[in-house]
Amino acid sequence: MYRYLVEHKRLLVLFLIIFLAFLWMTHQIKQGDKLGVKRLSDNLLSPPQKVITVLANRVRGFLDHYLFLVGKAKENKSLIEEIEKLKTEVGRYQDVLEENKRLKTLLSLKESQSTYIATVRVIGRDPGNWFRTIVVDKGEKDGLKKDMTAISHSGIVGRIYKVMPGTAKILLITDHGSSLAARVLRTRDEGILEGTVGGFCRLKYIRQSSEIKVGDVLLSSGLDGVFPKGLIIGTVSKVERKKSGFFQEIDVTPNTDITKLEEVIIVGQK
């Protein structure tokens, strides 16, 4: 019993205070002192009311903050969606600018080529690694013929090897079945440029005594009767002179990035 009283001492004291206050209030009511009763009740109820008021204010503040955050989250989501839309629009705008730039360059190239036939768009590529060809959106009805040359503003791309009424196939200079007569601009050495299975070009039949260097520029010589004379082909990227044999091994990097072609110009022989 004693242990129970010790453990619940505070509760018992509170109960005693409330009991005494109740007795006092009863006595005051009997005596007619309603003002004293009200004062006592205000004193007793004031602390709980303050606590309740503080808690209510905190809850209200929390709810206001929560609703603010929810509103901000919705606003942020809307802003993110708007940013994504703007990014898409910027991408389209940049794509249009690049296309206009390419077409402007091709227009300039067209005006400089007396044997201009047509400007064509690339609409397909050979999916395999054995042949390196592209398909363009014009053909026989547009004046395209077999063995016409395809060029870009950077240089020779290839030649037409198959023509259909509305499309044509172009064999790229990097294809292992491609060959064209080439001349080294600096030394005037002449050889045959061939494509390889590896997708690069090799200049063949250049004598060991020729002083060709990495960086030398190659032009079409026109001696093959297919490619017009004087068109840029590419630059020498590797020179290897072997102790045996008559010719050097010379690798050439095409001036045109074959993998990024979108439009090309078709020209005929002069």
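User: Is Y205 buried, partly exposed or exposed, and why?
Analyst: Y205 counts as partly exposed, because its relative accessibility is 46%. Buried would need under 20%, exposed over 50%. Keep in mind that this is a predicted model.

User: And F247, how does that one count?
Analyst: F247 is partly exposed too, because its relative accessibility comes to 41%.

User: What do Y205 and F247 form?
Analyst: They make an edge-to-face aromatic pair. The ring centres are 5.7 Å apart, and the planes stand at 90°.

User: How many aromatic pairs turn up in the whole structure?
Analyst: The search finds 2. Ring pairs join Y205, F246 and F247 into a cluster.

User: Switching to the fold. Which strands close into the barrel?
Analyst: There are 6, in the order β1-β2-β5-β4-β3-β12, with antiparallel pairing. On average, neighbouring strands of this sheet are turned by 45° against each other, ignoring direction.

User: How many bridges pair β2 with β5?
Analyst: 4 bridges, antiparallel, between residues 133-136 and residues 168-172. One partner in β5 is K169, which bridges to V135.

User: What about β4 and β5?
Analyst: These run antiparallel and are joined by 5 bridges. A hairpin of 4 residues connects them. G158 stands opposite L172 in β5.

User: And β3 with β4?
Analyst: Antiparallel, over 3 bridges, with β3 at residues 149-151 and β4 at residues 156-163. T149 has R159 in β4 as its bridge partner.

User: Which residue takes a positive phi in the hairpin of β3 and β4?
Analyst: G155, with phi near 155°. That hairpin has 4 residues between the strands.

User: What does I233 touch?
Analyst: Beyond four places in sequence, its contacts include I156, I173, L180, A182 and L193. L218, L219, S220, P254 and N255 are also among the contacts of I233.

Key: Residues numbered from 1 in each chain as written. Predicted model: local features only at pLDDT ≥ 70, side-chain atom pairs only at ≥ 80, totals over all residues. Heavy atoms only, no water. Pairing = 2+ DSSP bridges. Helix = DSSP H or I, 4+ residues; strand = E, 2+ residues; numbered from the N terminus. Axes fitted to C-alpha atoms, helices over the stretch in contact; angles between N-to-C directions. Contact = heavy atoms within 4.5 Å. Phe/Tyr/Trp six-rings, centres within 6.5 Å; stacked < 30°, edge-to-face > 60°. Buried < 20%, exposed > 50% of the residue type's maximum accessible area, 1.4 Å probe, protein only.
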